[in-house]
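Thanks for coming. Please have a look at the sequence and the model, and then I will go through a few features.

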Amino acid sequence: LIHFYKRIMQASLVSSLRQLSKPAGALSNKNGLAAIMFQTRGYASEHEADLVVIGSGPGGYVGAIKAAQLGMKTVCIEKNATLGGTCLNVGCIPSKALLNNSHYYHMAKSGDLAKRGIVTKDVSLDIDAMMGEKSKAVTALTGGIKMLFKANKVTHLEGHGKITGPNQVSVINPDGSVKEVVNTKNVMIATGSEVTPFPGIEVDEEQIVSSTGALSLKQVPEKMVLIGAGVIGVELGSVWSRLGTEVTAVEFLGHVGGMGIDMDISKQFQRIMTKQGIKFKLNTKVTAARKENGKVMVSVEGVKDGKNDTLEADVLLVCVGRRPYTNNLGLEELGIERDDRGRIPVNSRFQTVLPNIFAIGDCIQGPMLAHKAEDEAIICAEGMVGGPVHIDYNCVPSVIYTHPEVAWVGKTEEDLKGEGVEYVVGKFPFAANSRAKCNNDTDGLVKIIGDKKTDRLLGAHIIGPGAGEMINEAALAMEYGASCEDIARVCHAHPTCSEAFREANLAAWSGKAINSI
């Protein structure tokens, strides 16, 4: 079969060369076009593909690999020098490295280790070494994607991907010239998101920084102000607070943790973070910021009382969210409109108004989460080859990677009250959990919400040690439609922190846990 196709390709090439040797007038329109395409290959090489994925973040690279595994000839276009998108390069991965290592430093510096019988003297911080460890993790994981592409025969093209026709994507150089052209049956837009700018405040990534700059500060600032106390704000604020910075978070809303968090958990979270040293100014908005004598002066105003104040900082972190990265993709030229937030509208199969052009991840509606993008990419690719397309967004978990961690999945009490659904609540504190007690890590609780009539698990909300791991048991239970009793009757290993999850489900189902008063 290989020899058969080889002979066909050779015959086609010979035919093209013969056509090129004829006078220009002897060429038909069709052959003339072929000649022109052949002649321009020296300027922009061409590829043929079943699928072109634009973007190599968690959604893009996973979608490309899955498509290749399903038998599609796949090309992935990435504008940055390294694969992995925001998440691996300047987001999820480097921030978790800093969160983990700053926690170890804080345990030693604060005397926590000494209380455990581990006496250290003259604890000091080597910020360069800590940043180096962060970079090692990033390099290993981004390089890993390159190896996965090679193993799965995914073609990687570097440049800005722009859709230049319903079945064509061009790879654009930084100077605007066309580097390569890919003719394709399908396109998956997985361009992710970018930092939302704050009007009137210019980010320089040194004194006034976005999350990107906050991951690479060269020294520990004395004072830091955060604009926003959502997930990004509290995570990065937590890192620098542990390393010795006085951190103040200014939040427009009346709670911490961002959108989607249960208010009961949010109150617990704020209390614990305050105890750790982070200050919060809620129901407060930032009106301006200016540099003055090597400092950043931040003007704030109370949302309710209009009271004005000025905060002094060495570093101002702007973390008011992210917005879809959907500019200069060629959408408008193809008739693909964006909504008022810059997102690309899609149907239940992730198709845009052009059925062979798909979009997933941060550039469409829904929570901007890496794992949500990964799931969408996989089922989108499966749908292209005729597979079923289904995702239950109610079962997509969220995690804040502070210490203790905060995690949730499903409905909050506020959601259910708004929907008029009758529910029951079961709680279990980690202070009553044997493993948490052994680890001297007892802040937080598990909160379970069940349907009052059917006992079906409707939501799980955890603040405590390992919450980000534990929440996946809740997500699995919800996917299978489990009741609180189902979970309460599953044997959990002892001693483990996940026993608290079982006890909270027991409390929701029967009204009483075993190991709490």
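Predicted model: local features only at pLDDT ≥ 70, side-chain atom pairs only at ≥ 80, totals over all residues.

Residues are numbered from 1 along each chain as its sequence is written, and side-chain values use heavy atoms, with hydrogens and water left out.

Start with the helices, which are DSSP runs of H or I with at least four residues, numbered from the N terminus. The axes of H3 (residues 58-69) and H7 (residues 127-151) come within 10 Å and cross at roughly 20°. An axis here is a line fitted to C-alpha atoms over the stretch in contact, and the angle, from 0 to 180 degrees, is taken between N-to-C directions. H3 and H7 are therefore roughly parallel to each other, a term for angles under 35 degrees.

Which residues of H3 and H7 make the contact? On H3 they are Tyr61, Ala64 and Ile65, and on H7 they are Ile145, Leu148 and Phe149. Contact means heavy atoms within 4.5 Å. The contact residues divide into six nonpolar, no polar and no charged. Nonpolar covers Ala, Val, Leu, Ile, Met, Phe, Trp, Tyr, Cys and Pro; charged covers Asp, Glu, Lys and Arg; the others, Gly among them, are polar.

A cavity is a set of points on a 1 Å grid over the protein atoms alone where a 1.4 Å probe fits but cannot get out, and lining residues have an atom within 4 Å of a point. The largest cavity is lined by Val195, Ser211, Ile232, Val318, Cys319, Val320, Gly321 and Arg322. By class, that lining has five nonpolar, two polar and one charged residues.

Notes: 1 Å grid on protein atoms, 1.4 Å probe; cavity = no way out; pocket = protein on both sides within 12 Å on 5 of 7 lines; lining within 4 Å. Helix = DSSP H or I, 4+ residues; strand = E, 2+ residues; numbered from the N terminus. Parallel < 35°, antiparallel > 145°, perpendicular 65-115°, else oblique.
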